[in-house]
Every structure is written in C-alpha cells, then in structure tokens.
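Student: I have a structure open and would like to learn how to read it feature by feature. Could you walk me through it?

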Amino acid sequence: MLHFLAISGSLRAASSNMVWLKAAAQLAPANIHITLYEGLGDLPHFNPDLDNDTPPPAVADFRQRLRAADAVLISSPEYAHGVPGMLKNALDWIVSSGEFIDKPTALICASRATYARSSLMETLTVMMAKLSDETSPILKTTTNKWDIETVLTTPELVEALKGCLIALASVADATRNSFG
C-alpha cells in the first residue's frame, strides 16, 4: 500500500483544488491511500528563529506527515501570477528540514495557473523533489467552479487524474525499492 499526502494550496472551503484532490482520492487504485492535509492554515508564518530542534507543533506535524508519505500531491491555484502565500509559507518551513528531498511529488494545476505551476516546479526542483510532466498534469478547464460529481463525470479530468496517480505510484514504488 502506498500512502500519498494531498495538499491544497487554497484555504477556500469550496476550492476547486480541494475538489480535484478529493476526486483523485476516489479515483485512486486499491494500492494507493490518499490523505488530505488540512493544516495549511495552522502553520505559523515562517520564521527561521523558530526553526530549531523544537519547531512549532503545526510545523512538526506537517513535517512528520511528509516524512510518512510515499508521495505528495499538490493542487494549487494561482493568485496574481504566483503561488498562494500559505502554500509558499508551508514550503518555506520544509527547506531546511528536507522532507521533499527525493520525495515523489505531483502538481495538479488548472491550465490557467501557468505562472503558479512554473513557480512551484522551480521551488520543488530546488528542494530536490522528484517531479515530472507525467506526474504533474495541467487540467484543461474553463471555470474554477467544480464539484466532485462533475470532475468524476468529465472523462478528460478522470483520465488526467488517473494518469497522474499511476505515474506517481510508479515513481513512489521505484523510490521505495531503491531505498530499501
């Protein structure tokens, strides 16, 4: 069984990004369990002075969840041609602790989130996450109003999400086997 941690870059209750992650959890093959991380809003503002042997509890929890995951799924909106501040803040907390080093990672972004996707790809590459185009689909959408039923009945989205999960599982399996 592979365990994937899913992170939405939006705190909005009706976020399309959370809908896509929930849909991915429903579409996941039997050998993949997806846990939705809902603590993004609980992370304090990044402060290097607080990043020591006993980081804030929310940060310690986030790091532990990342370490325990075989892979990470990130779905992010784009705000003003950039990555939402809360998601960037979360990534900043991980730079020095290194949970993304060699971590199979997927980005799920809408076609209109090109700047955020590029920025996230760059940030995660610098953090040494394992990324690829196969694990990071661009969902061709014309709206930001999605519900799970609509996603699950849109063949192109189902195909993109399933393809992403299968590709990510392949990378996670290979990574798991190469480390023991």
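Student: Where is Ala80 found?

Tutor: Ala80 lies in the loop between strand 3 and helix 3. Helices (H or I, at least four residues) and strands (E, at least two) are DSSP runs, numbered from the N terminus. Ala80 has a positive phi of about 50° although it is not a glycine.

Student: Before we go on, what kind of model is this, and how are residues numbered?

Tutor: This is a predicted model, where local features need pLDDT of at least 70 and side-chain atom pairs count only at pLDDT 80 or more, while totals for chains, interfaces and linings use all residues. Residues are numbered from 1 along each chain as its sequence is written, and side-chain values use heavy atoms, with hydrogens and water left out.

Student: Thanks! Is Ala80 buried or exposed?

Tutor: Buried means under 20% relative accessible area, exposed over 50%, and partly exposed in between (1.4 Å probe, protein chains only). Ala80 has a relative accessible area of 83%, so it is exposed.

Student: Which other residue has a positive phi although it is not a glycine?

Tutor: Met128 has one, of about 70°. Met128 sits in the loop between helix 4 (114-126) and strand 5. Its relative accessibility is 46%, so Met128 counts as partly exposed.

Student: Let's zoom out. How many helices and strands does the protein chain have?

Tutor: The protein chain has six helices and five strands. Read from the N terminus on, the elements run β-α-β-α-β-α-β-α-β-α-α.

Student: How do the strands pair?

Tutor: In general, strands of a sheet pair through backbone hydrogen bonds, either parallel or antiparallel. The working rule is that two strands pair if DSSP finds at least two bridges between them. Here, five strands form an open sheet in the order 2-1-3-4-5, and the pairing is parallel. Strand 2 (32-37) and strand 5 (138-139) are the edge strands, since each pairs on one side only.

Student: Which bridges should I look up along that sheet?

Tutor: Start with strand 1 (residues 2-8), which pairs with strand 3 in the parallel sense over five bridges. Phe4 has Ala71 of strand 3 as its bridge partner, and Leu5 stands opposite Val72 in strand 3. Strand 1 and strand 2 also pair in the parallel sense, over six bridges, with Ala6 opposite Leu36 in strand 2. Strand 3 and strand 4 (residues 105-110) are parallel as well, over four bridges, and Leu73 has Ala106 in strand 4 as its bridge partner.

Student: How does the chain cross from strand 3 to strand 4?

Tutor: The chain passes through helix 3 (residues 85-95), and this β-α-β crossover is right-handed. The handedness rule: with the strands pointing away from the viewer, a right-handed path from the first strand over the helix to the second runs clockwise. Strand 1, helix 1 (residues 16-27) and strand 2 also make a right-handed β-α-β unit.

Student: Why is strand 3 described as largely enclosed?

Tutor: Strand 3 (residues 71-75) has five of its five residues buried, so it is largely enclosed by the rest of the structure. Ala71, Leu73 and Ser75 point one way, while Val72 and Ile74 point the other way. Strand 1 is mostly covered, with six of its seven residues buried.

Student: Finally, how does the radius of gyration fit a compact globule?

Tutor: The radius is taken over C-alpha atoms, and the globule rule is 2.2 Å times the number of residues to the power 0.38. With 180 residues, a compact globule would have a radius of gyration near 16 Å, and the protein chain has 15 Å, which agrees. Of those 180 residues, 50% count as buried.
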